[in-house]
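Work through the exercises below with the coordinates open. Each task is followed by a solution in steps.

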4 protein chains.
Amino acid sequence: MIVVMQSGASDEQIQTVIDRLVALGFDIHRSTGVECTVLGCVGVKAGFDHRIIEVLDGVAEVHRITSPYKLVGRKFRPEGTIIRVGDMTIGGDEVPIIAGPCSVESREQLFTIAEKVAEAGGRGLRGGAFKPRSSPYSFQGLGEEGLKLLREACDHFGLVAVSEVMAESQIPLMLEYVDILQVGARNMQNFNLLRELGKVRKPILLKRGIAATIEELLLSAEYIMAGGNYEVILCERGIRTFESYTRNTFDVSAIPVVKKLSHLPIIGDPSHGTGLRDKVPPMARAAVAAGADGVIMEVHHDPDRALSDGAQSIYPQTFATLMDELRLIATAVKRNIAPARVNA
Amino acid sequence: MIVVMQSGASDEQIQTVIDRLVALGFDIHRSTGVECTVLGCVGVKAGFDHRIIEVLDGVAEVHRITSPYKLVGRKFRPEGTIIRVGDMTIGGDEVPIIAGPCSVESREQLFTIAEKVAEAGGRGLRGGAFKPRSSPYSFQGLGEEGLKLLREACDHFGLVAVSEVMAESQIPLMLEYVDILQVGARNMQNFNLLRELGKVRKPILLKRGIAATIEELLLSAEYIMAGGNYEVILCERGIRTFESYTRNTFDVSAIPVVKKLSHLPIIGDPSHGTGLRDKVPPMARAAVAAGADGVIMEVHHDPDRALSDGAQSIYPQTFATLMDELRLIATAVKRNIAPARVNA
Amino acid sequence: MIVVMQSGASDEQIQTVIDRLVALGFDIHRSTGVECTVLGCVGVKAGFDHRIIEVLDGVAEVHRITSPYKLVGRKFRPEGTIIRVGDMTIGGDEVPIIAGPCSVESREQLFTIAEKVAEAGGRGLRGGAFKPRSSPYSFQGLGEEGLKLLREACDHFGLVAVSEVMAESQIPLMLEYVDILQVGARNMQNFNLLRELGKVRKPILLKRGIAATIEELLLSAEYIMAGGNYEVILCERGIRTFESYTRNTFDVSAIPVVKKLSHLPIIGDPSHGTGLRDKVPPMARAAVAAGADGVIMEVHHDPDRALSDGAQSIYPQTFATLMDELRLIATAVKRNIAPARVNA
Amino acid sequence: MIVVMQSGASDEQIQTVIDRLVALGFDIHRSTGVECTVLGCVGVKAGFDHRIIEVLDGVAEVHRITSPYKLVGRKFRPEGTIIRVGDMTIGGDEVPIIAGPCSVESREQLFTIAEKVAEAGGRGLRGGAFKPRSSPYSFQGLGEEGLKLLREACDHFGLVAVSEVMAESQIPLMLEYVDILQVGARNMQNFNLLRELGKVRKPILLKRGIAATIEELLLSAEYIMAGGNYEVILCERGIRTFESYTRNTFDVSAIPVVKKLSHLPIIGDPSHGTGLRDKVPPMARAAVAAGADGVIMEVHHDPDRALSDGAQSIYPQTFATLMDELRLIATAVKRNIAPARVNA
């Protein structure tokens with residue numbers, strides 16, 4: 001941590017700041033210049049709130065020089081993390097595509113969609129059982145029944161099961177049925193939930209909150225890793241900006257940024273990222289072109305009748321065409337996407 | 001709901017949209033103009049996702065014309081809601097000031113601060129027992145012990161107790177000790193928690209999320225009211241914008257906007273709204289001047305040693321001076337603030 | 001335009017609104033429902049400020065139902081606009097890549113870079129002669145000398161010349177030397193400048209302001225087209241959001257959104273969009289994958305010594321590799337990029 | 001400037017960075033720690049782009065430790081700047097209120113409004129003659145005729161004349177008629193215009209751009225001051241955020257922030273800050289309560305028929321009532337506002 005004193009700071013002010021820093025356990029290196037005095041502080045603890053120093057008299061600025069996270073940092077594992085779920089890998093050469101409905105609605109719905117996902121080369125099946133909805137009057141999900149159907153469909157078509165966990169109390173149930181536990185954008189800073197997921201031994205798909213900086217996303221992943229679960233997959237799914245044409249602004253640049261800062265894999269979610277069906281294919285392509293380790297998206301065979309998020313779900317036929325485009329783009333970045341299957 | 005068709009939409013496209021709307025239970029009034037066809041739709045259900053229509057072929061735009069909330073709307077109670085807690089009222093002529101430390105740290109700390117709050121004319125005492133922290137390595141609160149201390153201090157000094165509830169499981173415990181249950185910004189869309197709070201018979205202080213629109217804040221209040229608890233106090237506490245000098249941008253204009261849209265009281269939190277101690281007094285004054293029904297802020301007698309948020313806590317002496325300024329401003333808007341007590 | 005009255009609006013209020021609308025030249029269709037009265041208004045003039053009606057007593061909401069622009073709208077030219085400059089086309093199957101230094105610094109600098117751009121298959125050469133800088137103490141460009149060098153380099157290597165015009169007074173000078181006149185993000189709403197560019201007979205490259213909505217970008221293009229110049233190329237170059245890791249958030253989704261709303265071509269500028277050299281290749285790839293009609297980026301052979309924007313300029317070797325990747329991605333979206341030349 | 005090397009940076013990388021810094025004219029103080037090496041750099045020039053160092057191999061972070069502006073900084077004039085125009089002062093104990101129509105429309109309109117402004121205790125009259133409009137089809141102002149009327153009305157009622165200058169070429173004309181030249185939000189970074197205004201000997205009212213940080217606002221003021229004109233009045237008028245209920249988010253906290261960072265006066269513009277008539281009084285009160293050195297707002301006697309911005313103009317009667325409230329609030333912050341006049 002570096003503390004820059006104001007140019008007119010008095011000796012007394014400087015000494016008060018130094019005393020305070022020493023009391024907090026720092027070693028101090030003082031450097032006196034023409035313009036101002038700078039204090040280099042060694043020994044900052046993780047979680048230290050630097051504003052405590054910032055508000056002292058005579059202090060101009062405080063700069064943290066070490067990142068606030070340790071385990072998620074790229075240097076913790078410079079070669080990158082590859083997460084394996086069955087024969088699917090995330091973070092390596094493969095770029096797995098995960099698709100499916102927003103909510104599991106019925107056996108017929110789910111199997112119809114799962115078949116199409118598998119045929120086109122999708123590796124994972126997504127489907128919500130517990131739905132967080134901004135209106136108290138909307139469909140809230142099938143609950144455990146939905147999870148059972150998801151498990152069955154995945155076993156039948158050889159897909160990895162991904163579903164959202166909304167509360168600590170749901171974790172045991174999720175573990176019974178699901179391969180990857182998703183944390184939704186609204187729960188990215190539900191620290192109690194993150195702490196519990198640190199004890200789990202299955203991969204966590206952690207979505208970026210719509211107002212979360214990349215650093216905050218990484219800090220939330222740190223919560224999970226600090227608990228002992230190192231299998232965290234990050235997910236960019238759009239941030240809130242002044243632009244209102246799209247539901248969110250899908251921050252594609254977060255993908256290469258995260259790849260530089262962290263060893264964890266990051267995937268993109270163009271469905272939530274844009275909120276509009278016809279924007280999903282171009283933004284899925286953009287994500288892969290930018291280096292995403294995977295894509296998760298909403299597919300529905302009858303989106304006009306979907307109980308949730310139909311407007312951002314693409315048709316199976318669109319999905320199949322998109323998969324072909326994504327395969328070409330993956331080769332441009334020296335990655336690969338599973339081929340379409342003749343019979344799913 | 002009004003559906004505007006594209007100017008070149010075919011008769012077939014228009015008919016398909018009409019059929020879909022009728023199937024969804026709408027009555028349709030069709031109006032054909034030179035530029036385009038407009039469909040007026042009567043009978044929209046709360047929670048209806050209008051994007052389902054937006055993505056149909058030939059549709060240019062869809063406008064919702066009824067607000068998505070009912071119970072929180074101003075017309076539900078045009079005269080405004082006044083919430084009483086003991087002899088304190090929120091939403092009427094009185095502008096109660098609630099103050100206290102970010103976290104309850106010890107008996108001595110809390111009683112020292114509570115005394116100063118009461119002496120200066122504060123009506124409520126805030127203090128966190130369970131702290132959500134963005135770093136897994138930070139102080140996490142005293143838990144039930146903190147709640148007990150809060151109750152004792154409030155009883156001793158005649159103050160109303162306000163503390164944050166972070167999970168459904170904490171509700172019974174909170175009810176034992178606390179007069180007003182606060183929902184933090186990060187939990188504004190924790191719908192499971194909101195639903196449970198709808199069953200509670202104590203007032204809820206609902207903070208606006210840092211990326212939440214005013215409409216979303218009102219929808220979250222609707223969740224609580226839909227459950228039967230009509231005593232909801234809204235709180236503006238800063239939104240995330242591109243400006244990074246302040247921790248958040250304290251959206252003072254949300255106060256008059258909410259007063260127009262809803263009958264619920266709204267208070268301001270300039271401590272979290274700015275994140276900087278020296279910005280708390282000007283922004284507390286701004287909130288009252290703009291018509292806030294109360295102010296909540298962080299006060300600490302030794303903020304440099306506070307275990308959390310010290311940088312945004314003001315000193316008791318600053319608080320006392322500020323209270324005098326706020327009393328003058330309250331009179332300018334024909335409201336009143338409790339006088340300072342000679343002996344707390 | 002549709003005016004929705006409040007549910008409790010009185011007959012008198014409704015009549016006042018109708019009278020006001022008629023006085024403004026509208027034809028009114030009144031529709032009275034259980035919940036509220038809705039007034040359909042035909043005959044809105046472009047530029048009408050609907051807030052004039054919004055603030056009348058008893059009005060709940062006003063919705064504009066026709067887009068505020070005419071000439072830039074997709075329906076004005078459903079087949080899309082293809083702009084030709086020499087043998088280069090923008091808006092058709094070709095995806096031209098424009099590259100070069102931020103500022104023209106010297107003959108040697110410009111020719112070195114231009115040669116590399118041409119060799120790798122670039123079609124246009126960018127280079128600033130007049131530099132808008134946020135600090136008054138920074139390098140401000142070579143002026144006309146810079147334009148002359150740009151013209152020479154373009155003629156020598158067979159490239160299209162692109163440079164920024166900062167004021168109306170510079171237009172005649174620019175026309176002498178430049179093929180495409182660029183309007184910078186800060187001037188996107190310099191309406192005097194836009195109006196003058198409407199009289200020009202060369203293509204205008206109009207960059208999106210960092211706080212401009214897509215609709216505002218289209219309205220600015222409308223200014224130019226309304227003056228008679230139909231050759232407008234739009235450019236996404238990053239918007240300002242709360243995320244501060246990247247200089248701006250490169251809004252890739254603006255590309256497909258503009259393609260739907262307008263017939264004008266849109267290109268991407270990943271250099272300004274991210275502000276960081278190592279993020280330029282992934283975001284250039286993302287832009288082409290998302291359907292951009294071209295890419296403009298900063299290339300410098302010695303960026304550490306560049307007089308401006310060196311930090312976001314890529315090396316010629318990186319540019320050559322990137323061009324190969326972009327060619328592959330272009331095929332995935334059924335477009336093409338000019339091949340590398342053996343001898344530039 | 002402080003350069004923090006990555007924790008694993010090699011000696012060679014560190015040496016390369018040092019060599020580069022020395023070549024750029026810096027003196028370097030190297031400090032080697034357990035975690036990383038830190039380079040303190042003395043001698044940074046104004047306008048230096050620190051990203052040049054940021055992109056070098058092995059560099060983790062670069063922190064600028066001196067502010068990028070000199071003349072606008074609080075320490076340049078710790079006692080604060082008081083600007084005098086006739087007998088009106090801005091920046092001292094007086095809080096002058098400037099009001100008037102968005103555009104000068106006619107002699108009768110302007111004199112009617114000016115009389116009401118003067119009667120209520122307003123000190124300045126605003127009125128646009130050249131209007132920047134986002135649509136090419138809107139009213140564009142009366143031009144010089146408008147300026148003449150403004151001068152006449154100000155002379156007649158003893159008010160200070162404020163009007164917007166949109167281009168360098170308009171400066172001589174403005175100087176003939178106007179007391180304070182306003183730079184609109186869209187021109188805040190029109191550096192050519194700012195440079196020319198540095199040569200003027202009348203006060204400049206510089207509005208914050210809707211996407212401008214406070215630091216950028218101060219840098220734009222630095223442009224004017226660097227040219228020799230030290231009489232700059234800053235103005236907060238709303239920033240663009242995700243919240244769309246109000247046209248902009250009026251950043252009241254910018255007022256105390258600017259007061260701390262700079263010696264220049266800052267006023268608030270709640271009309272543009274909110275865009276809604278009924279939000280102007282509460283936000284004007286908030287601005288004064290937060291310590292604004294003045295308020296500028298739009299007043300119109302017949303806003304429904306105003307040629308521009310009628311929706312955000314308040315009625316003269318509302319203005320008179322507001323002035324009484326503002327006077328009370330001014331006393332709460334130990335400032336004063338001119339009394340109402342019996343006969344204007």
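**Exercise 1.** In which helix of chain A is A:His272 found? Decide also whether A:His272 is buried or exposed, and list its side-chain polar contacts.

Solution. The model is a predicted one.
- Step 1: A:His272 lies in helix α9 of chain A, which covers residues 270-274.
- Step 2: The relative accessibility of A:His272 is 13%. Buried means under 20%, so A:His272 counts as buried.
- Step 3: The side chain of A:His272 has a polar contact of 2.8 Å with the side chain of A:Asp269. A polar contact of 3.4 Å joins the side chains of A:His272 and A:Gln312.
- Step 4: With residues up to four places away in sequence not counted, A:His272 touches A:Arg126, A:Lys207, A:Arg237, A:Asn248, A:Glu298, A:Asp309 and A:Gln312.

**Exercise 2.** Locate C:Ala286 and list its contacts beyond four places in sequence.

Solution. 
- Step 1: C:Ala286 sits in helix α10 of chain C, residues 280-289.
- Step 2: C:Ala286 counts as buried because its relative accessibility is 0%.
- Step 3: Beyond its neighbours within four places in sequence, C:Ala286 is in contact with C:Val252 and with A:Val252, A:Ala286, A:Ala289 and A:Ala290.
- Step 4: C:Ala286 and C:Val252 are 34 residues apart in sequence, and their C-alpha atoms are 7.2 Å apart in space.

**Exercise 3.** Describe the interface of chain A and chain B: its residues, its buried area and its salt bridges.

Solution. 
- Step 1: Chain A brings 47 residues to the contact and chain B brings 47 residues.
- Step 2: About 3,900 Å² is buried between chain A and chain B, with 50% from carbon and sulfur atoms.
- Step 3: The rule finds two salt bridges across this interface of chain A and chain B. One of them pairs the side chains of A:Arg240 and B:Glu216, at 2.6 Å from N to O.
- Step 4: Six residue pairs are in polar contact across the interface of chain A and chain B, both residues being at pLDDT 80 or more.
- Step 5: On the side of chain A that touches chain B, α2 (51-54), α6 (191-197) and α7 (214-226) each supply at least two residues. Of these, α7(A) gives the most, with five residues.
- Step 6: By class, that side of chain A has 20 nonpolar, 12 polar and 15 charged residues.

How values were computed:
Residues are numbered from 1 along each chain as its sequence is written. Chains are lettered from A and ligands numbered from 1 in the order in which they are written. This is a predicted model: local features need pLDDT of at least 70, side-chain atom pairs count only at pLDDT 80 or more; totals for chains, interfaces and linings use all residues. Side-chain values use heavy atoms; hydrogens and water are left out. Helices (H or I, at least four residues) and strands (E, at least two) are DSSP runs, numbered from the N terminus. Buried means under 20% relative accessible area, exposed over 50%, partly exposed in between (1.4 Å probe, protein chains only). Contact means heavy atoms within 4.5 Å. A polar contact is a pair of N or O atoms within 3.5 Å; within protein, one must be able to donate a hydrogen and the other to accept it, and residues adjacent in sequence count only if both atoms are side-chain atoms. Buried area is the accessible area (1.4 Å probe) that two parts lose on being put together, summed over both. A salt bridge is a side-chain nitrogen of Lys or Arg within 4 Å of a carboxyl oxygen of Asp or Glu. Ala, Val, Leu, Ile, Met, Phe, Trp, Tyr, Cys and Pro count as nonpolar, Asp, Glu, Lys and Arg as charged, and the others, Gly among them, as polar.
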